[in-house]
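Start with the view below.

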Amino acid sequence: MSAKMFLERRSQGRSFFSARMAVLLVLSFAGGALLAQQGLLAQQIDVLAGPVQSQSQSQSAAEAGQAKSGSLLHRCEDFYRQDWSGTAAAGPPAPRRGLPSPLESPPFPNVDWSYGGSPQIGEADTNVYPLMTAINGAASRTKVYGWVEPTFNVSTSRDRNYPETNDIYSNRVELNQFVVYVERLPDTVQRGHIDWGFHLTSFFGTDYRSTTDKGYFSSQLIDHDRQYGFDPVLEYVDIYFPQVVKGMNLRAGRWISVPGIEAQLTPNNYDFSHSLLYSVDPFTDTGVIATIQVTDQWLVQAALTASHDVAIWTPDAKPSFTGCVNYTTKSVDNNFYLCANGINDGEYAYNNLQMYDGTWYHKFGKTWHLATEGYAMYERDVPSVTGPITPEKGTNGATCRAGEVKCLAPEWAVVNYVNKQISAHDFVSFRSDFLNDKKGQRTGTATKYSEGTLTLSHWVGSTVQIRPEARFDHAWDRPGYDKGTRSNQFTFATDLIVHF
């Protein structure tokens with residue numbers, strides 16, 4: 001997150017502050033040490049090869065040296081202190097081409113109406129992170145950063161909140177996500193030369209359930225149903241071609257499934273918990289995707305993947321097409337994003353969902369906006385739960401008609417967010433959601449579901465976020481909660497996201 005907006009905080013003792021930061025920095029130090037060594041090497045080369053400095057240059061170097069003095073822990077602590085107290089210097093305006101940003105972040109997850117499979121073309125990487133600032137003053141384009149997300153929920157269900165996610169386990173304190181990114185973003189503002197980027201992710205926590213891709217350490221979930229797991233969720237290379245229309249980004253590797261409002265990485269979402277719509281749709285794809293900025297208002301995407309949630313070396317992989325079109329009005333008050341996602345023959349396989357998705361963002365007034373998404377999905381020839389064919393491990397059968405061995409398993413869903421910014425650091429959100437799992441192939445229960453969630457999102461500076469929420473779920477046709485024993489479920493939950 002960019003360190004641009006801050007809140008005042010109560011003064012805290014150095015010892016308590018340092019103890020908390022030590023926990024984060026010990027976990028993330030391994031990735032940062034490499035960049036720190038590279039920075040020290042560059043400084044040594046400058047000393048050996050640099051020309052004789054003038055007096056003013058020497059004074060500037062001395063001041064810079066003093067700014068970098070102290071331990072890595074102390075420099076990181078200083079970042080948080082300035083961030084939380086509002087004393088950090090604001091950076092220059094971010095370079096940008098194209099339409100203006102419709103939102104502020106913080107408090108919202110993004111400044112732009114989002115699309116998947118690419119960095120935001122025309123937007124510079126101005127993000128500043130505590131760890132990178134402590135390592136080298138945030139001077140490098142390659143960055144190591146991430147977050148820790150502990151969570152808590154109280155539920156009327158005894159065992160499982162599913163199909164509610166990401167707090168699937170009832171009445172628990174958990175570590176949902178501990179994430180470390182190593183990333184370099186291509187420069188998509190300039191139009192003069194080809195640029196490149198890459199991304200690697202280390203992802204650990206209970207939320208690995210929402211990223212599991214068959215073939216990538218998937219036995220943790222599919223074979224053992226472990227509460228905690230690890231997943232390298234994102235691993236790709238970006239190449240940016242500035243002279244293709246108004247810019248094209250080509251991504252190869254594994255990425256988050258392209259369409260939708262919500263994402264697996266928790267800072268990218270309005271709420272802590274996820275909608276029912278999100279809980280059962282595709283999670284990640286492996287392949288190649290091209291994102292082309294045709295005009296300031298129009299963007300198109302085309303991808304060839306190995307189908308949803310499967311590695312290319314698994315028997316379930318099959319060539320699949322994804323195509324999207326994105327349109328934003330000149331006022332940036334409306335955005336429409338339509339995708340045909342993972343299209344092939346639709347034959348039953350691990351998460352071989354044929355998905356047709358649309359999102360609409362609408363901003364009305366300075367502080368209000370809506371985010372709406374709907375989709376229809378299906379798989380063909382899904383084994384019947386009463387038939388002789390055993391469904392593939394990690395998937396559900398379908399509630400087919402009597403006598404059918406296989407059948408078509410469709411589902412559709414719609415979700416709407418109403419979001420109100422109430423300060424530079426706070427917004428409230430109400431989400432309403434409906435899912436019709438007609439044959440029960442996605443959730444395990446053939447029923448209609450609905451939920452409503454009220455959330456308050458509060459930022460401390462640009463590095464700490466807390467999102468308490470109250471949520472009510474209902475299964476309409478038969479019990480679908482707490483392992484099929486309850487029709488209604490109420491949860492109160494909150495998470496705490498600490499960025500480093």
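## Second largest cavity

The lining of the second largest cavity includes Leu 103, Phe 108, Pro 109, Asn 110, Asp 112, Trp 113 and Ser 114. Ile 261, Asn 268, Tyr 270 and Tyr 361 also line the second largest cavity. This is a predicted model.

By class, this lining has 7 nonpolar, 3 polar and 1 charged residues. The second largest cavity holds about 90 Å³ of space.

## Largest cavity

How many cavities of 30 Å³ or more does a search of the whole structure find? The search finds 3. The largest cavity holds about 300 Å³ of space.

Its lining has 22 residues. Arg 96, Leu 99, Gln 120, Gln 293 and Asp 296 lie nearest the centre of the largest cavity. Strand 8 (298–308) and strand 9 (320–328) are the elements that give two or more residues to this lining. By class, the largest cavity is lined by 9 nonpolar, 8 polar and 5 charged residues.

## Nonpolar surface patch

Phe 152, Val 154, Val 173, Phe 472, Phe 490 and Phe 492 make a nonpolar patch of about 560 Å². The elements that give two or more residues to the patch are strand 1 (142–155) and strand 18 (488–499).

Val 173 lies in strand 2 (residues 172–184). Is Val 173 buried or exposed? Val 173 counts as exposed because its relative accessibility is 66%, and exposed means over 50%.

Key
Residues numbered from 1 in each chain as written. Predicted model: local features only at pLDDT ≥ 70, side-chain atom pairs only at ≥ 80, totals over all residues. Heavy atoms only, no water. 1 Å grid on protein atoms, 1.4 Å probe; cavity = no way out; pocket = protein on both sides within 12 Å on 5 of 7 lines; lining within 4 Å. Points joined across faces, edges and corners; volume = space filled by probe spheres on them. Helix = DSSP H or I, 4+ residues; strand = E, 2+ residues; numbered from the N terminus. Nonpolar A, V, L, I, M, F, W, Y, C, P; charged D, E, K, R; others polar. Patch = residues over 30% accessible without salt bridge, like charges linked within 9 Å, V, L, I, M, F, W, Y side chains within 5 Å. Areas by Shrake-Rupley, 256 points an atom, 1.4 Å probe, with all protein chains shown as cover. Salt bridge = Lys/Arg side-chain N within 4 Å of Asp/Glu carboxyl O. Buried < 20%, exposed > 50% of the residue type's maximum accessible area, 1.4 Å probe, protein only.
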